[in-house]
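Visitor: I have the model open and want to go through it piece by piece. Can we start with the strands and then move on to the helices?

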Amino acid sequence: MRKFGLIGHPLSHSFSKKYFTEKFEKEGIEGCTYGLYDIPNAQELEDILEENPEIEGINVTIPHKEDVIALMDDLDETCEEIGAVNCIHIKDGVRTGYNTDYIGFKNSLIPWLGAVKTKALVLGTGGASKAIKQALYDLEIEFLNVSRSEDEDQITYEDLAADPEIMNTHKLIINTTPLGMYPNVEGIPAIPVEQFTPGHFVYDLVYNPSETTLMKACLDAGGKAKNGHEMLILQAEASWDIWNS
């Protein structure tokens with residue numbers, strides 16, 4: 001039996017187990033299982049692998065994408081640049097970290113944005129944001145990082161509210177935070193949504209619900225919005241390719 005799974009905390013919102021279970025059934029892939037391992041501390045991955053030595057692949061979600069790096073034997077080159085791992089391949093006892101968030105986001109953004117040229121705002125500073133920023137960098141899309149705290153590499157939500165010109169020139173808004181995710185569906189990043197225009201795009205990495213409060217605010221202003229479902233599918237398929245390489 002080939003084993004795969006997902007680590008993170010909490011995992012009540014996870015789509016991965018359902019996706020891979022259905023994939024195995026639809027595609028007639030036999031002898032494979034996909035489990036959920038809800039662990040508050042990334043270090044507990046050691047226990048999981050010791051108890052399940054047949055595990056070949058692990059997906060990693062919030063909040064462990066950065067902490068698991070210390071548990072890897074090797075890192076894919078792109079993943080090393082990003083500084084976050086969301087996919088682990090285990091072969092002959094060697095753990096190699098990859099980042100398929102990068103692949104999923106990049107390959108879903110390009111056709112959606114089309115020929116539109118604009119700057120971006122990346123909301124949040126967690127592991128997911130690192131993959132998004134690397135993809136934007138590689139696509140030559142200028143961006144600002146927005147967080148609750150000020151830093152030389154980011155601005156605050158207060159800065160954003162105080163200067164309307166930022167939203168005016170950065171029309172692609174990417175939410176990498178869990179705000180708005182089920183069950184706290186009313187959650188929304190503290191951006192000035194009253195500044196949304198028909199020219200704005202919101203890409204929310206949250207996929208449950210399918211339309212977040214942030215997405216609705218942009219759509220109500222005549223703009224465009226996209227959730228993270230396609231990105232999830234693309235990153236899941238990229239993980240499967242890695243595990244079978």
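Visitor: Which residue in strand 2 is the bridge partner of I7?
Guide: Y37 is the bridge partner of I7 in strand 2. Before going on: this is a predicted model, where local features need pLDDT of at least 70, side-chain atom pairs count only at pLDDT 80 or more, and totals for chains, interfaces and linings use all residues. Residues are numbered from 1 along each chain as its sequence is written, and side-chain values use heavy atoms, with hydrogens and water left out.

Visitor: What counts as a strand, and what counts as pairing?
Guide: Strands (E, at least two residues) and helices (H or I, at least four) are DSSP runs, numbered from the N terminus. Two strands pair if DSSP finds at least two bridges between them.

Visitor: How many bridges join strand 1 to strand 2?
Guide: Seven, and the two strands run parallel. Strand 1 covers residues 2–8. Another position to look at is F4, which stands opposite Y34 in strand 2.

Visitor: What sheet are they in, and in which order do the strands come?
Guide: They belong to an open sheet of six strands, ordered 2-1-3-5-6-4, with mixed pairing. Strand 2 (32–38) and strand 4 (74–75) are at the edges with a single partner strand each, so one side of each has no neighbour in the sheet.

Visitor: Is strand 1 largely enclosed or open?
Guide: Strand 1 is largely enclosed by the rest of the structure, because five of its seven residues are buried. Buried means under 20% relative accessible area, exposed over 50%, and partly exposed in between, with a 1.4 Å probe and protein chains only.

Visitor: What lies across strand 1?
Guide: Helix 1 (residues 16–26) does, and it also lies across strand 2 and strand 3 (55–60). Helix 1 runs at about 175 degrees to strand 2. Axes are lines fitted to C-alpha atoms, for helices over the stretch in contact, and angles run from 0 to 180 degrees between N-to-C directions.

Visitor: At what angle do helix 1 and helix 9 pack?
Guide: About 60 degrees, with the axes 11 Å apart. Helix 9 is residues 229–243. That angle makes helix 1 oblique to helix 9; under 35 degrees counts as roughly parallel, over 145 as roughly antiparallel, 65 to 115 as roughly perpendicular, and the rest as oblique.

Visitor: Which residues meet there?
Guide: Y19, F20, K23 and F24 in helix 1 meet I233, A236, E237, W240 and W243 in helix 9. Contact means heavy atoms within 4.5 Å.

Visitor: What about helix 4 and helix 9, at what angle do they pack?
Guide: Their angle is about 135 degrees and their axes are 8 Å apart. Helix 4 is therefore oblique to helix 9. On the helix 4 side the residues in contact include F105, and on the helix 9 side they include M231.

Visitor: Back to F105. What is it in contact with?
Guide: Leaving aside neighbours within four places in sequence, F105 is in contact with I132, A135, L136, I174, Y203 and M231.

Visitor: Which residues touch the most other members of the largest nonpolar core?
Guide: F105, L109, I132, L136 and I174, out of 20 residues in that core. The elements giving two or more residues are helix 4 (100–113), strand 7 (120–123), helix 5 (127–138), strand 10 (172–175) and strand 11 (201–204). Helix 5 gives the most, with five residues. A nonpolar core is a set of buried Ala, Val, Leu, Ile, Met, Phe, Trp, Tyr and Cys residues joined through side-chain atoms within 4.5 Å.

Visitor: Where is T156, and is it buried or exposed?
Guide: T156 is in strand 9 (residues 154–156). T156 counts as buried because its relative accessibility is 7%. Apart from neighbours within four places in sequence, T156 is in contact with V146, S147, R148, S149 and E150.

Visitor: Last one: where is M181, and what does it touch?
Guide: M181 is in the loop between strand 10 and strand 11. M181 is buried, with a relative accessible area of 17%. Not counting residues up to four places away in sequence, M181 touches H13, V206, N208 and P209.
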